[in-house]
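Student: I have a model open in my viewer and would like to talk through some of its details. Could you walk me through a few of them?

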Amino acid sequence: MSAVTSGISEKTQRLAVPSVGHELHTWHIASELPVSRTKRSQGNGQYESTIPATLADVEFVLPQSLGADVEEAAYALAAFDSYASARLGAGSRVLGPMSAVLLRTEAASSSQIEQLTVGAKNLALETLLEGSSENAKVVVGNVRAMEAALSLGKDMNEANILAMHRALLLAQHGWEAEAGHYRRQLVWVGTNSYSPLGASHIAPQAELVERAMRDLLAFIMRDDMPVIAQCAIAHAQFETIHPFADGNGRCGRALVYAILRNKGMAQQITPPISAGLLRQTERYFEALTAYREGDAAPIVDQFAQACLFAAGSGRRLIDALVEQLNLARKKLNGVRSDSPVWKVLPHLVAQPVMNTRYLRENAGMSKPQAERAIKQLGELGILTPRSGKQRNVLWEHRGILDVLDGYAAGLRRR
């Protein structure tokens, strides 16, 4: 492997990486676009697109203190995984009915980075196909990408990355033509849609994407560096390549979970790492810029701090949700242990708005069992009725919705 040395003191926390290159091109706004003469004049001209560096054979040496932060973050994630499994219980699926809430929280946080806020109720309604929020559709698409990412983690290959992107775009937009393949055109970040001139980042030309992604996958499969640092660098490289026409931010964050799963971390629970990144989005984007200029320390530090935040805040979120379940159990005191009503409780955290159809499809209940269980939970004040758009009666657990909304509001206040 080729070593990258910086010659900069330990105190600066610099982690040298190969900086990106650039190539000069000329941009002409298409004549059919409805752009004013002034904007057309300003948008036509020369620009520099990115040539991504290769990572597969680079030797990385973390500064000592940064390495200590990364090690602490890895320990915190592992401890959180065990804690969450113990408190919530392991589901029968990889995304069990109780642990799924953290996947939802992470998906919502990841979307909020891109200014797509959505309340817990709208998210739950959209999952039941009863929603009307466009933002909720985007977040649900993000959940699908996260699910695909976890499957991708078993086998980190190009086909699975494309499948992850396909899951995101089809669930979000239904864009069959754009879903599941690398982009065929230039993309950029931070300016208008008709010209790359003035953009904060102009991605590589489309013909460079496939080769760059293969190099990234080779880097991901290395096992000679701390996993958190590897996640951070892989994420930054993915965002630099910007391999897709749409959905790069959410796919890039979903990729982190694929790597964590592949490396044996976060086996049971999806930690809300994007919630940590959401706290300081300006620093996050500055760290991506620093990475492209040859210093990975800021993005590695951002990920280490985000992992620590995810573990700490995730514990508090789980505790608050479990408290709501315990209050529900107290209200069910005296109800026979074989009553179908008990089957509903494990699903409330992941799906705090539900109907009888949901219980039939997800809790293995017959229609009469689901109707009796919902009725009993309503009579005991555990669930509250609301009208659905399909004239189905929907029921919600207000306490769990308040906990989830409170968590999201706390992130936005930071």
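Student: Is aspartate 295 buried or exposed?

Tutor: Happy to start there, with a note that this is a predicted model, in which local features need pLDDT of at least 70, side-chain atom pairs count only at pLDDT 80 or more, and totals for chains, interfaces and linings use all residues. Residues are numbered from 1 along each chain as its sequence is written, and side-chain values use heavy atoms, with hydrogens and water left out. Buried means under 20% relative accessible area, exposed over 50%, and partly exposed in between (1.4 Å probe, protein chains only). Aspartate 295 has a relative accessibility of 15%, so it counts as buried.

Student: Where is aspartate 295 found, and which residues does it touch, not counting those up to four places away in sequence?

Tutor: Helices (H or I, at least four residues) and strands (E, at least two) are DSSP runs, numbered from the N terminus. Aspartate 295 belongs to the loop between helix 11 (281–292) and helix 12 (297–331). With contact meaning heavy atoms within 4.5 Å, and leaving out residues up to four places away in sequence, its partners are Gln13, Arg14, Leu15, Val17 and Ala290.

Student: Which residue does UniProt list for "active site", and is histidine 242 buried or exposed?

Tutor: The unreviewed UniProt entry lists His242; UniProt positions are given in the numbering used here, feature names are shortened, and annotations may be inferred rather than shown by experiment. Histidine 242 sits in the loop between helix 8 (227–241) and helix 9 (248–262). Its relative accessibility is 12%, so histidine 242 is buried.

Student: What is the phi of histidine 242 near?

Tutor: Most residues other than glycine have a negative phi. Histidine 242 has a positive value instead, and its phi is near 50°.

Student: How do the axes of helix 7 and helix 8 cross, and at roughly what angle?

Tutor: Axes here are lines fitted to C-alpha atoms, for helices over the stretch in contact, with angles from 0 to 180 degrees between N-to-C directions. Angles under 35 degrees count as roughly parallel, over 145 as roughly antiparallel, 65 to 115 as roughly perpendicular and the rest as oblique. The two axes come within 10 Å, and they cross at roughly 175°. Helix 7 is therefore roughly antiparallel to helix 8.

Student: How many aromatic pairs does the structure hold, and how far apart in sequence are the parts tied together by tryptophan 27 and tyrosine 47?

Tutor: Rings of Phe, Tyr and Trp (its six-membered ring) pair if their centres lie within 6.5 Å; planes under 30 degrees apart count as stacked, over 60 as edge-to-face and the rest as tilted. There are 6 aromatic pairs, and tryptophan 27 with tyrosine 47 is edge-to-face, at 6.1 Å centre to centre and 80° between the planes. Because tryptophan 27 lies in strand 2 (residues 21–27) and tyrosine 47 in strand 3 (residues 45–51), the pair ties together parts that are 20 residues apart in sequence.

Student: Which aromatic cluster includes Trp27?

Tutor: Tryptophan 27 is partly exposed at 21% relative accessibility, whereas tyrosine 47 is buried at 7%. The cluster is formed by Trp27, Tyr47 and Trp188.
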